[in-house]
Each structure stands twice: as C-alpha cells, then as structure tokens.
Amino acid sequence: KNKPVQLRDGSLLCPSSTETTLDWRVYMETTPDLGKTWTRSRVLNDIHEYDAIQPTILVHSAQHLQTLCRSKQGRITESWSNDGGTTWSDMTATRLPNPNSGFDGVTLRDGRHLLIYNHTPRGRTPLNLAVSQDGQQWSAGLVLEFEPGEYSYPAIIQTSDGLVHATYTWKRQKIRHVVIDPR
C-alpha cells in the first residue's frame, strides 16, 4: 500500500506485507535493479504479539530507518534498522492509536517526519496530520477531517516545490486531495 524509498546506493526499499485470515505479516523487499531481482527481509512482526500490515518507511539517515505499521492491537507499531534496511529490530508498539486503519508517512527534505492517520482507538474519524523530529515524539499538526464519516487509506508525499500532497478516501464516496505548505 505505501510507497518505496530510494536508498543512497540507488536500490529501492519497498514496504510490504501479507494478510491472511490467520495472520498479518510485515516484510521489507529490496530491489537494486528496478524490479529485475528482489531480496525479502525476515518477517518483522511476531504474529503472536502484533498482527501488522501496510508499513510506511521514515528515513532518519542513510543507515537509520524506521517503519510504522497498521495493527489490530490498537496502536501503530514500529521497527528500526541501523544498517540501511538490511536488518530490522523486533516490532514494538508506539503511543499512537490505530483503529486498525491504514496510514502513511513521509520524511520531509528538512528532516521532519509527517504522519497522516486516524488519531482514535476506534473508527476512521478524525483524520490527522502529526509531525515529529525523531519519529518517536509526535505533535498534532492539522486535523484534516473531523465530521462524522470514514476517512481512510491516506497517502502523502512531498513534491519538488516543497509542498506536501495528501490523498485519502472521503466518506468512502470520493477521493480528496489536500495540498499543505509544511512551513
């Protein structure tokens, strides 16, 4: 569901997951040659602790990466890599609520991280934008949607002009596109 990131060596690190009726599993998949060959990481989540899918990647430095995942356990989960995505830490829960809904994140050119998600333990309202310097302490940025309804499956990018673009389903009726100046 969420976008890959290009690593310093040019390879693409792709967040990946599988979802079955029995369990959810998170992986990272890497391709050094634009999809001709692939390497898959070990499963990042212990399925007895966290049912997790749909990871998003935040880049802290060339070697220091973070993935945040959707879970059934009521919290966004995370895993860290200190070797450019080759190996990952055991998954743990963050303090951010997750009502078992998709979200997305992006690392801005200035180093800050943005997360678009439903900040609630249940339902898919509201839809929020949070900001972080370190990927661990998150502050409220914007409330994008607060009226009753379902706001889901967001995606977020920063374009070459520095603006942030987010899309998401609006009440399961339309796709909404929002442009945000991160300044």
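Okay, let's start with the lining of the second largest pocket: by class it has three nonpolar, eight polar and four charged residues. The classes here are nonpolar for Ala, Val, Leu, Ile, Met, Phe, Trp, Tyr, Cys and Pro, charged for Asp, Glu, Lys and Arg, and polar for the others, Gly among them.

Before I go on, a word on what we're looking at. This is a predicted model, so local features need pLDDT of at least 70 and side-chain atom pairs count only at pLDDT 80 or more, while totals for chains, interfaces and linings use all residues. Residues are numbered from 1 along each chain as its sequence is written, and side-chain values use heavy atoms, with hydrogens and water left out.

Back to that pocket. The volume of the second largest pocket is about 230 Å³. It has 15 lining residues, and Leu7, Thr30, Gly84, Gly85 and Thr86 are the ones nearest its centre. Two strands, β3 (24-31) and β4 (39-40), each give at least two residues to this lining.

Everything runs on a 1 Å grid over the protein atoms alone: a cavity is a set of points where a 1.4 Å probe fits but cannot get out, and a pocket is an open set with protein on both sides within 12 Å along at least five of seven lines. A residue counts as lining if it has an atom within 4 Å of a point. Points are joined across faces, edges and corners, and a volume is the space filled by probe spheres set on the points. Strands are DSSP runs of E with at least two residues, helices are runs of H or I with at least four, and both are numbered from the N terminus.

Now the largest pocket, at about 260 Å³. Of its 18 lining residues, Leu96, Tyr117, His119, Trp138 and Ser139 come closest to the centre. Which elements give two or more residues to this lining? Those are β8 (92-97), β11 (127-132) and β12 (139-145). β12 has the largest share, with five residues. By class, the lining of the largest pocket divides into eight nonpolar, eight polar and two charged.

On to cysteines. A disulfide is a pair of cysteine sulfur atoms within 2.5 Å, and by that rule the count is zero. Cys14 is in no disulfide, the nearest cysteine sulfur being that of Cys69, 15 Å away.

Most residues other than glycine have a negative phi, and most peptide bonds are trans. Against that, the peptide bond from Thr125 to Pro126 is cis, with omega near 5°, and Pro126 sits in the loop between β10 (113-117) and β11. Leu34 has a positive phi near 55° without being a glycine; Leu34 is in the loop between β3 and β4 and is exposed at 73%. Arg172, also not a glycine, has a positive phi of about 55°. You'll find Arg172 in the loop between β14 (164-170) and β15 (174-180), exposed at 53%.

Pro15 is in strand β2 (residues 12-19) and is buried at 10% relative accessibility. Pro15 and Thr31 are 16 residues apart along the chain, with their C-alpha atoms separated by 12 Å. Lys174, in strand β15, is exposed at 56%. From Lys174 to Ser79 it's 95 residues in sequence and 33 Å in space, C-alpha to C-alpha. Ser160 is in the loop between β13 (151-158) and β14, exposed at 76%. Ser160 and Arg109 are 51 residues apart along the chain, and their C-alpha atoms are 9.6 Å apart.

Definitions and conventions: Buried < 20%, exposed > 50% of the residue type's maximum accessible area, 1.4 Å probe, protein only.
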